[in-house]
Amino acid sequence: MSEHTKLFERAAARFEPPDLPMEDLLERQDRKRRDRRIAAGALGLAVGLAAIFVGSSLLRSSQPAPAEPAPIAPMANGPLTVYGFTGGLRSLTLDGQRTRLVRCGEHCTETSSAAWSPDGSRVAFAVACSGGCGSAGDPYHGIRVLDLATGEDRLVVGGEFFEPSLDWSADGSRISYVHDGHIHIIDADGSNPTQVSTPRVAVDAADWSPDGTRFVLASGGALSVIEADGSDRTRVVLPAGPHALSPQWSPDGAQIAYRSGCIVWTISPNGEQRSRIVDLRTVLLRAACGANYGSSDELAWSPDGRFIAVIVGRDAVVMNADGKGARALPAHPRSSWFGLTWQPIPPAIQPPPET
Amino acid sequence: MANDRTLHLASKPPEAETLAEERLLDFEVFFDREKARLFRALCLVTRNRFEAEELTQDAFLSVYERWDRVGAMDDPSGYLYRTAMNAFRSWRRRSALAAKRTIGLMRADDAIAMIDEQDAVVRSLQPLSARQRAAVVLIDLLGYSSEEAGRMLGIRASTVRTYAERAHRDLKARMGGPHE
């Protein structure tokens with residue numbers, strides 16, 4: 001044995017070996033086998049997921065891209081359209097000029113909702129007599145669509161609808177309405193009726209988000225946002241306060257305006273930001289805006305998103321989107337309005353009104 | 001029938017049981033004889049008792065899983081040390097070790113400083129790289145030729161000799177005497 005070997009053996013002997021029983025070795029073997037199985041499983045899972053991802057990517061790339069919906073040009077603000085008892089639909093300009101838009105004679109006991117299509121070419125409205133009046137059951141009653149260009153006034157869903165909270169899809173191809181506490185969707189000609197599954201609440205009003213993916217609901221004075229496909233993946237209950245009515249998405253989808261008592265609020269769709277924008281009593285001294293007043297469609301954004309209009313009894317109030325500059329429009333002595341909708345018009349026809 | 005089948009699967013033929021037992025006994029003898037020596041050699045190479053213990057267990061486990069063949073070799077311990085050195089060189093193991101050190105699963109060996117003070121050989125190995133230490137330990141402690149050590153470490157025999165000569169010069173300087 002060389003001197004180096006002796007030195008190295010002496011050095012090695014300074015390291016006291018641990019107790020290494022055979023059982024530890026066998027346990028280690030079991031542990032390694034288990035780790036290998038887990039690693040193999042994880043690898044298999046990763047390979048499977050990668051295969052699914054690659055497969056779906058190939059599938060997507062082999063399919064033609066879905067046609068984008070034709071963009072709707074930003075619209076300018078036309079006149080307000082107001083409705084209620086016995087008056088049909090009337091246009092109301094911001095300087096107080098009124099013209100009759102739909103005259104339906106003895107049929108129009110009550111117009112309970114109306115909404116303009118996004119391009120302003122058609123207006124959907126609901127004609128009813130749900131209070132047991134003499135015209136109940138009139139074949140004219142139901143949800144109708146008036147085409148301004150052709151003058152065609154067409155019944156798309158027959159029946160009596162009390163505040164159906166009409167709205168259009170962003171591309172103008174479908175109409176949503178609320179009936180018996182549920183949201184229904186039809187094609188603009190009344191075909192393909194479907195019902196959106198909603199949480200176990202009775203829906204009082206619903207407004208379709210501008211991108212078509214969600215609805216904001218009013219139910220029992222509370223607001224919530226749900227998926228428009230009824231998947232109920234997420235439901236955001238908005239901290240809107242009591243007696244929330246008439247929720248309406250802003251045209252850019254960033255805010256929802258609504259009324260609670262005499263206060264008009266805006267809230268972000270995720271509920272994180274809420275702003276009190278105006279107290280209607282500062283504009284209308286005798287505003288009938290208590291908790292027991294109000295309908296599902298008494299608030300509307302201007303098509304360009306710069307203004308908000310609110311119907312309060314006989315009066316209409318128009319304000320900037322932040323609540324500033326609120327003013328009442330001249331009242332009509334013999335009318336009481338249920339609600340309003342703001343007509344979009346092509347921007348070349350008329351410049352946006354200033355309040 | 002089901003019971004018959006279960007019994008048949010659960011029990012092994014008597015001769016197979018005897019062979020398996022003999023095989024295990026053989027390995028246990030080998031394990032008891034070599035474990036302290038391998039552990040100590042790996043302590044000199046790694047300068048960390050915890051790492052050396054892990055390497056020792058891994059090397060023995062690898063041998064155990066192949067004991068049918070390794071047990072029949074003329075020099076099973078040569079296979080054991082080669083296995084240990086392969087594991088030591090494994091980039092995969094070194095990556096795992098680095099990760100373990102990062103997250104604190106592999107402890108530093110505080111005792112190594114004390115042993116450094118006590119032993120000039122251990123101290124002389126400190127400035128060498130881990131591979132240089134492995135070459136010197138294989139030659140000077142375990143008695144392998146430079147060719148055998150080179151094969152175990154995946155380097156040329158001449159490189160092993162160079163490492164060993166440098167280590168000897170350093171050791172000589174530290175101990176103040178002739179060490180050839």
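Residues 24 or more positions apart account for 52% of those contacts in chain A that have a separation of 6 or more; two residues are in contact if their C-beta atoms, placed from the backbone, lie within 7 Å. The model is predicted, so that local features need pLDDT of at least 70 and side-chain atom pairs count only at pLDDT 80 or more, while totals for chains, interfaces and linings use all residues. Residues are numbered from 1 along each chain as its sequence is written, and chains are lettered from A and ligands numbered from 1 in the order in which they are written.

Chain A has two helices and 24 strands, taken as DSSP runs numbered from the N terminus (helices H or I, at least four residues; strands E, at least two). Of its 355 residues, 37% are buried, meaning that 20 or more other C-beta atoms lie within 10 Å of the residue's own, with C-beta atoms placed from the backbone.

A nonpolar core is a set of buried Ala, Val, Leu, Ile, Met, Phe, Trp, Tyr and Cys residues joined through C-beta atoms within 7 Å. The largest core holds 71 residues, and A124(A), A309(A) and V317(A) have the most contacts inside it. Beyond its neighbours within four places in sequence, A309(A) touches L80(A), A300(A), A316(A), V317(A), V318(A), L340(A) and W342(A). A second, separate core of 46 residues includes F8(A), V45(B), Y144(B) and Y163(B).

The contact between the chains takes 19 residues from chain A and 27 residues from chain B. On the chain B side, α2 (14-46), α3 (49-65), α7 (111-118), α8 (120-125) and α9 (130-141) each give two or more residues. The largest share, nine residues, comes from α2(B).

| Helix pair | Angle between axes | Axis distance |
|---|---|---|
| α3(B) and α5(B) (76-89) | roughly 125 degrees | within 9 Å |
| α9(B) and α11(B) (157-175) | about 85 degrees | 9 Å |

Axes are lines fitted to C-alpha atoms, for helices over the stretch in contact, and angles run from 0 to 180 degrees between N-to-C directions. Angles under 35 degrees count as roughly parallel, over 145 as roughly antiparallel, 65 to 115 as roughly perpendicular and the rest as oblique. α3(B) is therefore oblique to α5(B), and α9(B) is roughly perpendicular to α11(B).

In the second, Q132(B), A135(B), V136(B), I139(B) and D140(B) of α9(B) meet V160(B), Y163(B), A164(B) and A167(B) of α11(B).

Terms used. A residue is buried if 20 or more other C-beta atoms lie within 10 Å of its own, exposed if 12 or fewer, and partly exposed in between; C-beta atoms are placed from the backbone.
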